[in-house]
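Please read this briefing beside the sequence and the 3D view. It is written for someone meeting the structure for the first time.

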Amino acid sequence: MKLSYNEIPEKYKINNLVNQEDYLVSGNLVNWKGDFSNVYSTISSTKEYKPTLLGKIPSLGKEQAIEALDSACDAFDNGRGEWPTMKVRDRIKHMRNFANEMKTKRDEIVKLLMWEIGKNLADSEKEFDRTVDYIFDTIEAYKIIDRDSAKFEKNSNIYAHIRRGPLGVVLCLGPYNYPLNETFCLLIPALIMGNTAIFKPAKHGVLLISPLMEAFQKCFPKGVVNILYGRGRVLATPIMESGKVNVLALIGHSSSANALQECHPKKNRLRLVLGLEAKNPAIVMPDCDLELAVNECVAGALSFNGQRCTALKIIYVHEQIVEKFNKMFSEKVDELNFGNPWDNNAQLTPLPEPNKPKYIKELISDAQDKGAKIINKNGGLSSENYVFPAVLFPVSKDMDVYKDEQFGPVVPILTFNDINVPLNDMAESNYGQQASVFGTDIDKLGPLIDTLVNLVCRVNLNSSCQRGPDNYPFTGRKDSAFSTLSVHDALRSFSIRTFVASKDNPTNKKIIKDLLNTKKSNFISTDYIL
Ligand code: G3H
């Protein structure tokens, strides 16, 4: 087997560079006159391997970071801004306009997703469509929350009109593996709830924001969305150090989240919405449906080359069936097709991080040095931008692949004969996002599920781990997450309950009635949004 070059179809060739020459601040697309960084894809456009130049982005610095922060603060204006005080139905209109503009950019964005992060065509299209659906679902979820608030309560002679209000300025940083979807799963609910935002696109998957710059500028009032380009630490550090950020919304690594929190001088002012790394285990019981378990584990461990926070990153197989499991699993892995993202049936695709193949090879040799073997035929075959998934067995705790979140194409397998082995390992681990359990014996599954739900936040029964559907709570314990995301929960995460209370007396009654009739307040309203 060879990880070979295929001719690029005309439709997907890079004929024009995407040169991002401006950034968005205070409602202006500001033309940048300073330094730029080139953006390359690890996919080669020629038979002889060479990364492909895709375009360039501004290398902004501290001054522009503070400019964007000031713009977001001005737009929030300590709660007095047009956006945070706007009627809910009007904010929804802005958001709907944005989603409709976004829909017109599907082809450009999908093509850039493939080139920038190597995601295959079907998954790139899915990422785009899922994100547009997420926006419309968020609008519907917000309407439900708003309808529930369109009323007064009365307790102990006090009326209360309770709504959810914005928190302030949000710094939004997304990951490279879902540079559109996961970033927007933070940005969209943050905005619709009335916050203002500074957003820096992910390191890989940055040019795909370019087709949306004008839509961001056109669809939201000045300063509500500010978009910066450059290095995360350079831009995010001074923004956090200002103490003016109210929410750090980040999907990425806990080390970045910790470093950024540390910079904030007023910790109690800072709310965290974090989706972080994980080491989700699969536990394969002796009574499982083996074929189903193997199929789910292959997909769970290796879709998008394992570059998903929800990927199965360690597999525990009961020793009674490990031989059979390993054989079937290895064969299935070897059947996966490697190709460029647009190639027919490309299940494995180039890795977007130039250093990743080296790192994966290091994990493999470390495991081999400590006694593991590559048990699949093609495991470890490599090219400039890829390493074919290596299935490693038997893996032990002293190996780097046991400890690290590999976030790439390598699958560690361990055996157990006592269920407390994987459970103790999970309890010791720094992570607690999800787990998959494969089995059919309810006498064993019942108590196992009861423990697993207390170690992670989603137990997938005879199913691989995943984030979706987006209506379900997506969160984690320990270093895996902070706050909960889902269409509904994200709206809560980016807002706070705030209310108007009034003692029941004739003066207050009249004021409330008049406010409702004259609509002089956007907050006090019993309008039912259809
Ligand atoms: O990288 C983490 C993502 O949230 C995973 O989402 O399970 O839909 O691939 P997914």
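The notes below cover a pocket, the cavities, a surface patch and some backbone details.

This is a predicted model, in which local features need pLDDT of at least 70 and side-chain atom pairs count only at pLDDT 80 or more, while totals for chains, interfaces and linings use all residues. Residues are numbered from 1 along each chain as its sequence is written, and side-chain values use heavy atoms, with hydrogens and water left out.

**The second largest pocket**

- The second largest pocket holds about 630 Å³ of space, where a pocket is an open set of points on a 1 Å grid over the protein atoms alone, with protein on both sides within 12 Å along at least five of seven lines.
- Its lining has 29 residues, and those closest to the centre of the pocket are D123, K126, Y178, S303 and R308; a lining residue has an atom within 4 Å of a point.
- Two or more residues of this lining come from each of α5 (121–149) and α10 (290–302), helices being DSSP runs of H or I with at least four residues and strands runs of E with at least two, numbered from the N terminus.
- By class, the lining of the second largest pocket divides into eleven nonpolar, nine polar and nine charged residues, where Ala, Val, Leu, Ile, Met, Phe, Trp, Tyr, Cys and Pro count as nonpolar, Asp, Glu, Lys and Arg as charged, and the others, Gly among them, as polar.

**The cavities**

- Across the whole structure, a search finds two cavities of 30 Å³ or more, a cavity being a set of grid points where a 1.4 Å probe fits but cannot get out; the volume is the space filled by probe spheres set on the points, which are joined across faces, edges and corners.
- The largest cavity has about 50 Å³ of space, and the residues lining it include L274, Q433, F474 and L485.
- The lining of the largest cavity is made up of five nonpolar, five polar and no charged residues.
- The second largest cavity has a volume of about 40 Å³, and among its lining residues are L24, F216, F220 and K222.
- In the lining of the second largest cavity there are six nonpolar residues, three polar and one charged.

**A nonpolar surface patch**

- L17, Y40 and L53 form a nonpolar patch on the surface, with about 270 Å² of accessible area together; patch residues have over 30% relative accessible area and no salt bridge, with nonpolar side chains (Val, Leu, Ile, Met, Phe, Trp, Tyr) joined within 5 Å and like charges within 9 Å.
- A salt bridge here is a side-chain nitrogen of Lys or Arg within 4 Å of a carboxyl oxygen of Asp or Glu, and accessible areas come from the Shrake-Rupley method with a 1.4 Å probe, with only the protein chains shown counting as cover for residues.
- L17 is found in the segment before β1 (18–19), and L17 counts as partly exposed because its relative accessibility is 43%, given that buried means under 20%, exposed over 50% and partly exposed in between (1.4 Å probe, protein chains only).

**Backbone details**

- Most residues other than glycine have a negative phi, and most peptide bonds are trans.
- The peptide bond from F393 to P394 is cis, with omega near -10°, and P394 has its place in the loop between β18 (390–393) and α13 (400–403).
- A cis peptide bond also joins G468 and P469, with omega about -10°, and P469 lies in the loop between β22 (458–461) and β23 (477–478).
- D77 has a positive phi, near 50°, and lies in the loop between α1 (62–76) and α2 (82–85), where D77 is partly exposed at a relative accessible area of 30%.
- N305 has a positive phi, near 55°, and sits in the loop between α10 and β14 (312–318); N305 counts as buried because its relative accessibility is 0%.
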